[in-house]
Amino acid sequence: MIVVEDVHKHFGGFHAVDGSSLHIKEGSITGLIGPNGAGKTTLFNVVAGVLKPTSGKVLMQGEDITGLPPHELFHKGLLRTFQIAHEFSSMTVRENLMMVPPGQSGETLWNTWVGRANIRRQEEELRDKADGVLEFLTIDHLADEKAGNLSGGQKKLLELGRTMMVDAKVVFLDEVGAGVNRTLLNTIGDAILRLNQERGYTFCMIEHDMDFIGRLCDPVIVMAEGRVLAEGTIDEIKANEQVIEAYLGTGLKNKVTA
Amino acid sequence: MDFLNAIVAFANFVLVPATSYGAQLALGALGVTLIYGILRFSNFAHGDTMAFGAMVTILVTWWFQSMGINFGVLPTALLALPFGIIATIGLLLFTDRVVYRFYRRQKAAPVIYVIVSLGVMFIMNGVVRFIIGPNDQKFADGVRFIISARDFKTMTGLSEGLAIKASTGITIVTAIIVVAALFWFLNRTRTGKSMRAFSDNEDLALLSGINPERVVMITWIIVAALTTIAGVLYGLDKSFKPFTYFQLLLPIFAAAIVGGLGNPLGAIAGGFVIAFSEVTVTYAFKKVLKYLLPENLEPTGLVQLLSTDYKFAVSFAILIIVLLFRPTGLFKGKTI
Ligand SMILES: Nc1ncnc2c1ncn2[C@@H]1O[C@H](COP(=O)(O)OP(=O)(O)OP(=O)(O)O)[C@@H](O)[C@H]1O
Ligand SMILES: [Mg+2]
């Protein structure tokens, strides 16, 4: 699905991503873990077209998508969420979701002025869809609230909701679970599994919560200092000496071996 | 009776002119605020874009007049307006293509855009003067007054007259239509919403599949319409002289900033705040007070707070007060 080939991203002399290669298989939920500052978010930014890589290539289903702007990637079905939740703060939560879907007839300037009835019907469909998503995420009571007023965790849910509004092919989730309480975390986990199984979304998710990763992800990729350190199932990763040293710490090692 | 005369004098010399001037400033400030909200820079070429749009409209008006085409009681310029708008759209899209897009690709800092727009301003400035010359041009025709001072006096029997110029009426009606259409567009249509989304959070807009080049293009088209309409209305009301359009830059920016940059509603409010302050402060109140005060207290001076020569100082003063006490403007705009 997505192939990252020897991507480098330098900020001045600093090598945030330093030659990463990885492969995200179609239909998988791939976990991406690693210490803070490992370059995970930077790699996401490169894949999602927010940053141009210093060198290296990104392929999507065999097609070179390196350096394509984010809005074109969106129309190819590549979506991402932000580690620090973004929202259209002056719009309501529902409007935020209704902003997402592409390729409607309302999009041409001509159709803005004629064919209003058609647009209205589509708006209604969209609205129903948005309400469905909000209900699923248990934030339907906030539909008419200004998105800027949401709490940090609620904004994370909105981020996830955005990816549910369209038929995406591959979604990059940057710590959707961070700052969300346990019950909601399970809801999010269910949502991800369902999207994966029922709608065939491929996921790549950055997460620090090992239980959450363990429940959803196979395979798991570990990054450290801008490089891919290891790849494998969660158990393989947990047993990997290098990973324990770089990321998990010895506490977990004892737990695993015990 | 004296009281009524005072009110009429006040309306005639302050209320009516300030309303019409306010509407013109509001249209100008709307353009400035849209560019700031979407392209994220202060466009110094705005005044000269207004001059360009007005100039094309005037040339077409003269052409129509020479062919004997007119618009009855309304000024011929209104017929020529669409041509002015189309030409200005062409100019702005051309400028964007050859100038601004380069800096957009570079992800240039806002201050660079501002300086670039200064350069664009000088060029437009030169183009307008080259084509139509630096002098005053008259192009208003049609009926001059909706109510003339004399008619008003005979109608009401008051000694003060209230004159409402046709250009005032046209300005207000046009401004209402344009503002209503703009707000409908921004709030009700998908394209308008995507513009608001882009202004609100550019990163998220891009990742939501909104094409930035398209948003920018539509912004320029709307700005072209706004500037041309504002420029033509101002020209009909006063007269057309390229330099006055350059001078309008200050009150227009003051209006946009006072209202809150990036906030369309604020731009309108700001336009009226600036216009009313300017006209009130520079108006000689002697005439009004004459009716209100007993004879022995009648003012000997003009009771004019500020000479009209200093009217630009009013914009400056309001600007500074607002920036000191409410940097985001009256309506919450972006902090500058
Ligand atoms: N725009 C930038 N300019 C300079 N340095 C940057 C920039 N963006 C990221 N970095 C640096 O690159 C490194 C990797 O950052 P990144 O955000 O990718 O880490 P991360 O793996 O996502 O960490 P976390 O788990 O904390 O989110 C960090 O040291 C960061 O300081
Ligand atoms: Mg990160």
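How many nonpolar, polar and charged residues does the shell around ligand 1 have? Read on for the count. This is a predicted model, in which local features need pLDDT of at least 70 and side-chain atom pairs count only at pLDDT 80 or more, while totals for chains, interfaces and linings use all residues. Residues are numbered from 1 along each chain as its sequence is written, and chains are lettered from A and ligands numbered from 1 in the order in which they are written.

**View 1. The shell around ligand 1.** By class, this shell has 4 nonpolar, 7 polar and 1 charged residues. As for the classes, Ala, Val, Leu, Ile, Met, Phe, Trp, Tyr, Cys and Pro count as nonpolar, Asp, Glu, Lys and Arg as charged, and the others, Gly among them, as polar. Around the ligand you'll find, among them, Phe11(A), Phe14(A), Asn36(A), Lys40(A), Thr41(A) and Gln83(A). A residue is near the ligand if its C-beta atom, placed from the backbone, lies within 6 Å of it. Strand E2 (14-24) and helix H1 (40-47) of chain A each supply at least two residues of the shell, and the largest share, 3 residues, comes from H1(A). Helices (H or I, at least four residues) and strands (E, at least two) are DSSP runs, numbered from the N terminus.

**View 2. Gly37(A), one of the residues around ligand 1.** Look for Gly37(A) in the loop between strand E3 (29-33) and H1 of chain A. Gly37(A) counts as exposed because 12 C-beta neighbours lie inside 10 Å. The cut-offs go like this: 20 or more other C-beta atoms within 10 Å of its own make a residue buried, 12 or fewer make it exposed, and anything in between is partly exposed, with C-beta atoms placed from the backbone. Gly226(A) is 189 residues apart from Gly37(A) in sequence, yet the two are 8.4 Å apart in space, C-alpha to C-alpha.

View 3. Most residues other than glycine have a negative phi, and most peptide bonds are trans. Gln61(A) sits in the loop between strand E4 (55-60) and strand E5 (63-64), and it's partly exposed, with 13 other C-beta atoms within 10 Å. Is Glu175(A) buried or exposed? It counts as buried, with 21 C-beta neighbours inside 10 Å. Pro219(A) is in the loop between helix H8 (210-216) and strand E9 (220-224) of chain A.

**View 4. Where chain B touches chain A.** The contact takes 17 residues from chain B and 20 residues from chain A. Two residues are in contact if their C-beta atoms, placed from the backbone, lie within 7 Å. On the chain B side, helix H7 (190-200), helix H8 (202-207) and helix H9 (212-237) each give two or more residues. H7(B) gives the most, with 5 residues. By class, this side has 7 nonpolar, 6 polar and 4 charged residues.

**View 5. H2(B) against H9(B).** The axes of helix H2 (residues 46-66) of chain B and H9(B) come within 7 Å and cross at roughly 70°. Axes are lines fitted to C-alpha atoms, for helices over the stretch in contact, and angles run from 0 to 180 degrees between N-to-C directions. H2(B) and H9(B) are therefore roughly perpendicular. Angles under 35 degrees count as roughly parallel, over 145 as roughly antiparallel, 65 to 115 as roughly perpendicular and the rest as oblique. The H2(B) residues here include His46(B), Met50(B) and Gly53(B), and those of H9(B) include Ala224(B), Thr228(B) and Gly231(B). The contact divides into 6 nonpolar, 8 polar and no charged residues.

**View 6. H3(B) beside H4(B).** Helix H3 (residues 77-105) and helix H4 (residues 110-132) of chain B pack at an angle of about 155°, with their axes 10 Å apart. That's why H3(B) and H4(B) are roughly antiparallel. Thr95(B), Val99(B) and Tyr103(B) in H3(B) meet Ile112(B), Tyr113(B), Val116(B) and Val120(B) in H4(B). By class, that makes 6 nonpolar, 1 polar and no charged residues.
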